[in-house]
Amino acid sequence: MTMAKTNPLTFVQQVRAEVSKVAWPTRREVLLTTVMVFIMAALTGIFFALVDLVIRSGLQGILSWFG
């Protein structure tokens, strides 16, 4: 399988044409999605900390019966 040879100028023109088709997010959209990522990361951290606390307490309770 051989690759087609493209002249560098044509390649740059094609890249510019493709980049112009991209729907770039606005500054507000980037800010909102960034804030949402931080909020979801914090909520996930809190959730797993609580799950860890419950599991640890449960295991300590069970082990205290036998030890």
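Predicted model: local features only at pLDDT ≥ 70, side-chain atom pairs only at ≥ 80, totals over all residues.
Residues are numbered from 1 along each chain as its sequence is written, and side-chain values use heavy atoms, leaving out hydrogens and water.

I turn to charge pairing. Two salt bridges are found in a search of the whole structure, each defined as a side-chain nitrogen of Lys or Arg within 4 Å of a carboxyl oxygen of Asp or Glu. Arg-56 meets Asp-52 in one of them, at 3.0 Å from N to O. Both residues lie in helix α2, four residues apart, about one turn of the helix; helices here are DSSP runs (H or I, at least four residues), numbered from the N terminus. Asp-52 is partly exposed, at 41%.

Lys-21 and Glu-18 also form a salt bridge, at 3.1 Å from N to O. These two lie in helix α1, three residues apart. Lys-21 is exposed at 60%, whereas Glu-18 is partly exposed at 47%. An α-helix has 3.6 residues a turn, so residues three or four places apart point the same way.

Finally, Leu-31 lies in helix α2, which covers residues 27-66. Leu-31 counts as exposed, at 54% relative accessibility.

Conventions
Buried < 20%, exposed > 50% of the residue type's maximum accessible area, 1.4 Å probe, protein only.
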